[in-house]
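Reader: I would like to walk through this model strand by strand, then look at the packing and one of the pockets. Where shall we begin?

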Amino acid sequence: MGHIIITGGSGYLGRALTRELTAAGHAVIILARRAEQVGGLPPGARAVAWDGRTADGWGDLANGAYAIVNMAGATIARPHWSAAYKQQIRDSRANAGVAVTAAIRAARIKPAVLVQMSGIGFYGDTADREVDEGAPAGSDYFATVCTVWEASTDEVESLGVRRVIVRTAPVYGQGGGIFTLVALPFRLFAGGPLGSGRQYAPWIHLADWLTAVKLLMDNPNTRGVYNLTAPDPLTQGASAKIFGRALGRPSFMPAPAFALRLALGPAADLLLLTGQRAQPRRLLEAGFRFRFPELGAAIRDITGKRSAEATASSPASE
């Protein structure tokens, strides 16, 4: 079973994917700028240093690899982006793609597949308009970033490598990640709609995200763009009510748009005040079945809470 390379694999999603892949018997190599600081990896995984821009020092690892998952890029989950940091967000993604492409170009035995990360923000703010993988790119900042990110590895297809692009919604799971940030106001009894509450808030459970990535990696008939997002998109206001019910907390404390922009700067518009009414059409056509298609069940699973209905119908309650 061939090894798998994950660029930017030291973050929340990268570590979860590493655990999943090593459990399936794959050897995993994480590329990280500070490889010596990447600890807590499962057996079968190791970290290798790279500069995020070139194939120097690691490119030979692409030779004979089963897959490369390119998910490297500067984090968007921080407040008050300067112009320089906005450029860093864009350049870090473009440069990682250039490095991966160079390694694949030089490999004598090409990887079977490249899984190229992208974001559901590719579509821009879609308001009430429903979009699937055939929709065009938006025109806002992060839509432009996603377009550059995806284009950075276009060349590998002409090199004979199957490429899958995963436009990922915010991933909710245990142990950190964005779910912790979204749930925090509700835990503090201060949850509620953000901005107008009418913007759509796409999401996907970590378990579904991992299963989908593995499906797309392993199925030779899959290629091109796939939206990794739960199939029942909700507005932010509706999502807030479900969070409140699932966590047993109030959900009526609105956060005005101006306050969010004051606190977070440009990140507020990207992460909280705009959204995509996106559908995972191609993923469903590929035979994928969601374990957690509904937000309430996903939240209860992540937090260990069970619905009253499920508790009442379980054998232990009879």
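Author: We begin with a strand pair. This is a predicted model. Asn70 stands opposite Gln116 in strand 5.

Reader: Which residue in strand 5 does Ile68 stand opposite?

Author: Strand 4 covers residues 67-70 and strand 5 covers residues 113-119. The two run parallel, joined by 4 bridges. The residue opposite Ile68 in strand 5 is Leu114.

Reader: How many residues of strand 5 are buried?

Author: Val113, Val115, Met117 and Gly119 point one way from strand 5. Leu114, Gln116 and Ser118 point the other way, and all of these are buried. Strand 5 is mostly covered, and its buried count is 7 of 7 residues.

Reader: What is the strand order of the open sheet?

Author: The sheet has 7 strands with parallel pairing. Strand 3 (45-49) and strand 10 each have a single partner strand, so one side of each is left without a neighbour in the sheet. The twist averages 20° from one strand to the next. The order is 3-2-1-4-5-7-10.

Reader: At what angle does helix 3 run to strand 5?

Author: Two helices lie across strands here. Helix 1 (residues 12-23) lies across strand 1 (4-7), strand 2 (28-32), strand 3 and strand 4, at about 175° to strand 1. Helix 3 (residues 141-151) lies across strand 5 and strand 7. Its angle to strand 5 is about 175°.

Reader: Which residue of strand 10 is the bridge partner of Ile165?

Author: Strand 7 (residues 162-168) and strand 10 run parallel. They are joined by 5 bridges. The partner of Ile165 in strand 10 is Val225.

Reader: Does Val225 count as buried or exposed?

Author: Val225 is found in strand 10. That strand, residues 224-228, has 4 of its 5 residues buried. The cut-off for buried is under 20% relative accessible area. At 16% relative accessibility, Val225 therefore counts as buried.

Reader: How far apart in space are Val225 and Asp132, C-alpha to C-alpha?

Author: Take the contacts of Val225 beyond its neighbours within four places in sequence. They are Tyr123, Glu133, Ile165, Arg167 and Arg282. Val225 and Asp132 are 93 residues apart in sequence. In space, C-alpha to C-alpha, the distance is 9.7 Å.

Reader: Which element gives the largest share of the largest nonpolar core?

Author: This core has 34 residues, and Ile6, Leu17, Val69, Trp209, Met217 and Leu228 touch the most other members. Elements giving two or more residues include strand 1, helix 1, strand 10 and helix 6 (206-218). The largest share, 7 residues, comes from helix 6.

Reader: How many residues are in the second, separate core?

Author: Its members include Ala55, Trp58, Ala99 and Val156. The core is separate, and its count is 21 residues.

Reader: Which residues does Leu228 touch, not counting those up to four places away in sequence?

Author: Leu228 is among the residues of the largest nonpolar core that touch the most other members. Its contacts beyond four places are Val166, Arg167, Thr168, Ala169, Ile204, Trp209, Ala212, Val213, Leu216 and Leu283.

Reader: Which helix supplies the largest share of the lining of the second largest pocket?

Author: About 160 Å³ of space lies in this pocket. Its lining includes Trp203, Asp232, Ile242, Arg245, Pro293 and Arg300. Helix 7 (236-247) and helix 11 (295-303) each supply at least two lining residues. The largest share, 4 residues, comes from helix 11.

Conventions. Residues numbered from 1 in each chain as written. Predicted model: local features only at pLDDT ≥ 70, side-chain atom pairs only at ≥ 80, totals over all residues. Heavy atoms only, no water. Buried < 20%, exposed > 50% of the residue type's maximum accessible area, 1.4 Å probe, protein only. Pairing = 2+ DSSP bridges. Axes fitted to C-alpha atoms, helices over the stretch in contact; angles between N-to-C directions. Contact = heavy atoms within 4.5 Å. Core = buried A, V, L, I, M, F, W, Y, C linked by side-chain atoms within 4.5 Å. 1 Å grid on protein atoms, 1.4 Å probe; cavity = no way out; pocket = protein on both sides within 12 Å on 5 of 7 lines; lining within 4 Å. Points joined across faces, edges and corners; volume = space filled by probe spheres on them.
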